[in-house]
Amino acid sequence: MESKMTVSYKELGLVNTKELFAKAVKGGYAIPAYNFNNMEQLQAIIMACVETKSPVILQVSKGARDYANATLLRNMARGAVEYAKELGYPIPVVLHLDHGGDFEICKQCIDNGFSSVMIDGSHLPYDENVALTRKVVEYAHSQKDYVTVEGELGVLAGIEDEVSAEHSSYTPPEEVIDFVGKTGVDSLAISIGTSHGANKFKPEQCTRNEEGILLPPPLRFDILEEVEKKLPGFPIVLHGSSSVPQDLVKIINTYGGKLKDAIGIPEEQLRKAAASAVCKINIDSDGRLAMTAAVRKVLAEKPAEFDPRKYLGPARDALKELYKHKNINVLGSAGKA
Ligand SMILES: [Zn+2]
């Protein structure tokens, strides 16, 4: 049971996305949106973002709420704000609901300290997506402390926790003005070829280079440009933007894993997107791969080890290094906090 008392995000030391996105669009970088479900992930995110002086969006999915408990997650986010200060550099921290599936879950999060929510009506017919998103926006914006809302138009393929779609459909640029105008969303997730999960494309959708490495189809920058023309300066969000580093896949498979044809979005393409109106990039699978690779390696090399700190610690260190790399080399958010 969650507490019935409502909590505003400002009491937890959190911020919404409004100002962060305005700066990111102007500055040609993107704010990292990293998912967390446990303490080690949160420590890695905060350490990486403090060390690179990057603002951060902590994302919580429905799966995370089911796994870790919503009250615990909210208080962990509060703790993260304090932890960043203790590490010597307070960074702006957003607590964001990833893929809110209905009004009720968005309301629950808004009432319980989230500073930002996503309402994902992308699977609905257009008018229903508009109506649902509008309802969440009205509630979020009417709070004493303005809660920001992300909507989605267009469908991403792939699987992420409970969110799955067999086929993607690109965002129709001709709909974005109407959607943003009618709903009042603060940011818009679009579909230009990114995808959820670690198997973003089937091998037949890809080409192979001379070393036999799969190369994914390029992102549809033409659609992104069209959207930017229609909505100049409006914050755009990319989901499913892991790059699935092949060295991590290799470590996992070397130590007993069985990941087949895992493939992601090349980092150069994400860097290019981050330099545009894309101001929030969601990365989850890469973190899962980094942790799994580290855990598998430790357990394979030290089979007598049974202290969780001895494998979760290295997993946390690997995750932190990955996120520092993302902030510095992919998103461009380092030094922006
Ligand atoms: Zn997503």
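Author: Glu51 has a relative accessible area of 42% and is therefore partly exposed, where buried means under 20%, exposed over 50% and partly exposed in between (1.4 Å probe, protein chains only). The model is a predicted one, in which local features need pLDDT of at least 70 and side-chain atom pairs count only at pLDDT 80 or more, while totals for chains, interfaces and linings use all residues. Residues are numbered from 1 along each chain as its sequence is written, and side-chain values use heavy atoms, with hydrogens and water left out.

Glu51 is joined to Lys324 by a salt bridge whose closest N and O atoms are 2.7 Å apart. This pair links distant parts of the chain, since Glu51 belongs to helix H2 (residues 39-51) and Lys324 to helix H12 (residues 308-331), 273 residues apart. Helices (H or I, at least four residues) and strands (E, at least two) are DSSP runs numbered from the N terminus. Lys324, at 19% relative accessibility, counts as buried.

Side chains of opposite charge can pair when their charged atoms come close. The term salt bridge requires a side-chain nitrogen of Lys or Arg within 4 Å of a carboxyl oxygen of Asp or Glu, and a search of the whole structure finds 20 of them.

A second pair consists of Asp66 and Lys62, with the closest N and O atoms 3.0 Å apart. Both residues lie in helix H3 (residues 62-68), 4 residues apart, about one turn of the helix. Asp66 is exposed, with a relative accessible area of 52%, whereas Lys62 counts as partly exposed at 39%.

Lys326 is buried at 1% relative accessibility, and Asp286 is buried at 0%. Elsewhere, Lys10, Lys144 and Asp145 are linked in a network of salt bridges.

At the metal site, His99 (NE2), His196 (NE2) and His239 (ND1) coordinate the zinc ion at 2.0 to 2.1 Å. Donors are N, O and S atoms within 2.8 Å of the metal (3.2 Å for Na, K and Ca); water is not among the atoms, so sites may look incomplete. The donor residues are spaced H-x96-H-x42-H in sequence. His99 in strand E3 (residues 93-100) and His239 in the loop between strand E12 (236-238) and helix H9 (246-254) are 140 residues apart, and both are buried.

Turning to helix packing, helix H5 (residues 103-111) meets helix H6 (residues 126-141) at an angle of about 15°, with the axes 10 Å apart. Axes are lines fitted to C-alpha atoms, for helices over the stretch in contact, and angles run from 0 to 180 degrees between N-to-C directions. H5 and H6 are therefore roughly parallel to each other, a term for angles under 35 degrees. Phe103, Cys106, Lys107, Ile110 and Asp111 of H5 make the contact with Leu132, Lys135, Val136, Tyr139 and Ala140 of H6, contact meaning heavy atoms within 4.5 Å.

Asp111, found in helix H5, is buried, with a relative accessible area of 11%. Not counting residues up to four places away in sequence, Asp111 touches Met5, Thr6, Val7, Tyr139 and Gln143.

Methods:
Angles under 35 degrees count as roughly parallel, over 145 as roughly antiparallel, 65 to 115 as roughly perpendicular and the rest as oblique.
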